[in-house]
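Student: I have a chain open on my screen and I'd like to learn how to read it. Can we go through it feature by feature?

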Amino acid sequence: MKPCAFQFYTPQTLEDALEALWEFTEEGLSVKVLAGGQSLMPVLNMRLATPDVLIDLNGLENVLNFIIPDNDHVRVGALTRHYQLEASPLISRHVPIITEAERLIGHVAIRSRGTIGGSLAHADPSAELPLVASLLNASVTLRSKIETRTIPAAEFFLAYLMTSLEPTEILTEVTIPTLPGRSGQSIQEFALRHGDFAIAVAGAQVTVDENSCVANARLALGGVGPTPLDMSAGLELLIGTQPQLEDIGRLVKAICQDLEPDGDIHADSAYRKDLAETLSTRALATALQKSRNK
Ligand SMILES: Cc1cc2nc3c(=O)[nH]c(=O)nc-3n(C[C@H](O)[C@H](O)[C@H](O)COP(=O)(O)OP(=O)(O)OC[C@H]3O[C@@H](n4cnc5c(N)ncnc54)[C@H](O)[C@@H]3O)c2cc1C
């Protein structure tokens, strides 16, 4: 199928894009912004969305495409492409889980166009970058013509494909905490074929103290709920210990016991829950192993 007819607007400055988004929305038109188009174009072609206006952000590369270290954070512009994150030495040094995550996203062609901003704004609960943003407590900056606000990932992802972006807002930047010392990160997923969206995905970050005992542990899950799920509560039991794989497995089973993922044609609920437990155990054990090698 082909998309419905729409007006196509190609701003060359962020101010112009925000002004246009504001004005068209005020006029009562439905507006979508276009980044890499890797999720939006299929949605338009299938007529699951029929916007009156498309605002193309690709003329704003000079202001929305960047990777900048900032003390214990990395700031990433919304229009930064997946392949740039995948290839960035700065990202692999300071947020290595993103390098790992990017290799799991689609295929080269998709990663060469798709952007971090589009991935977060699309908010697929099986997608890797929303999971990483939730795991690391990243924050997103949302701008409209009249306001700029920065909110944590936990307040951004509201439901399946739904975020707290207002119709007049553009996601401009993601601020991601860097890997602390003596820490490791891991992302583990199961997909039917390489490049497919994950059926379930787990991300973990573990920090150890000078005696190699766990000082902090975080866990997030994707594909088993309407948003990425922060599963870190309960991991405090690991603190001060040197857990073995079986200890992690037992704790993860307890943490995941209330999960009730929806089933679909790819995997039923029980299978997704099983995957969540296995992938969580694997992610935590791998992150712990890496933290001890630091
Ligand atoms: C075959 C295939 C396989 C894929 N596999 C995976 C996978 O395994 N994992 C994965 O995570 N993704 C996968 N993707 C999706 C890919 O990662 C997309 O790049 C991403 O989901 C959307 O990014 P985009 O820049 O292309 O956004 P677009 O498609 O341009 O936009 C997506 C949505 O976000 C909105 N949007 C975009 N940018 C902004 C912004 N700055 N501010 C506000 N709203 C914005 C748009 O209006 C639209 O609603 C796959 C895609 C395809 C086609």
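Tutor: Asn137, for instance, lies in the loop between H9 and strand S6 (139–143). Keep in mind that this is a predicted model: local features need pLDDT of at least 70, side-chain atom pairs count only at pLDDT 80 or more, and totals for chains, interfaces and linings use all residues. Residues are numbered from 1 along each chain as its sequence is written.

Student: What is the phi of Asn137 near?

Tutor: Here's the general idea: most residues other than glycine have a negative phi, and most peptide bonds are trans. Asn137 has a phi near 60 degrees, a positive value in a residue other than glycine. Ala123 also has a positive phi, near 60 degrees, and lies in the loop between H8 and H9.

Student: Is Ala123 buried or exposed?

Tutor: You count neighbours. A residue is buried if 20 or more other C-beta atoms lie within 10 Å of its own, exposed if 12 or fewer, and partly exposed in between, with C-beta atoms placed from the backbone. Ala123 has 22 C-beta neighbours inside 10 Å, so it counts as buried. Asn137 has 17 C-beta neighbours inside 10 Å and therefore counts as partly exposed.

Student: Into which domains is the chain divided?

Tutor: The bounds come from an automatic or database domain assignment. That assignment gives domain 1 (7–60), domain 2 (62–177) and domain 3 (183–292). The C-alpha centres of domain 1 and domain 3 lie 37 Å apart.

Student: And where does the ligand lie?

Tutor: Domain 1 and domain 2 both give residues to the shell around the ligand, so it lies between them. To be in that shell, a residue needs its C-beta atom, placed from the backbone, within 6 Å of the molecule. There are 29 such residues, and the closest are Gly36, Gly114, Gly117, Gly118 and Ala127.

Student: Which helix gives the most to the shell?

Tutor: That's H8, with five residues. Among the elements that each supply at least two are strand S2 (31–34), helix H7 (108–113) and helix H9 (128–135).

Student: How do the shell residues divide by type?

Tutor: Into 15 nonpolar, 11 polar and three charged. In this scheme Ala, Val, Leu, Ile, Met, Phe, Trp, Tyr, Cys and Pro count as nonpolar, Asp, Glu, Lys and Arg as charged, and the others, Gly among them, as polar.

Student: How many residues does the largest nonpolar core have?

Tutor: In soluble globular proteins, nonpolar side chains tend to be buried together. A nonpolar core is a set of buried Ala, Val, Leu, Ile, Met, Phe, Trp, Tyr and Cys residues joined through C-beta atoms within 7 Å. The largest one here has 78 residues, and Leu120, Val132, Val174, Leu219 and Leu284 have the most contacts inside it. Helix H12 (residues 269–292) gives this core its largest share, eight residues.

Student: What is Leu120 in contact with?

Tutor: Contact means C-beta atoms, placed from the backbone, within 7 Å. Leaving aside neighbours within four places in sequence, Leu120 touches Leu129, Pro130, Ala133, Val140, Leu171 and Val174. Phe156 is found in helix H10 (residues 153–156) and counts as buried because it has 23 C-beta neighbours inside 10 Å.

Student: Now for a sheet. In what order do the four strands come?

Tutor: Strands of a sheet pair through backbone hydrogen bonds, either parallel or antiparallel. Here two strands pair if DSSP finds at least two bridges between them. The four strands form an open sheet in the order S11-S12-S13-S14, with antiparallel pairing. Strand S11 (183–190) and strand S14 (229–230) are the edges, each pairing on one side only. Eight bridges join S11 to strand S12 (residues 200–208), with Phe190 partnered by Ala200. S12 and strand S13 (residues 214–222) also pair over eight bridges; Gln205 has Arg218 as its partner. S12 and S13 form a hairpin with five residues between them, and Ser212 in the turn has a positive phi of about 65 degrees.

Student: Which way do the residues of S12 point?

Tutor: In a regular strand the side chains alternate between the two faces of the sheet. Ala200, Ala202, Ala204, Val206 and Val208 point one way from S12, while Val201, Gly203, Gln205 and Thr207 point the other way, and all are buried.

Note on methods
Contact = placed C-beta atoms within 7 Å.
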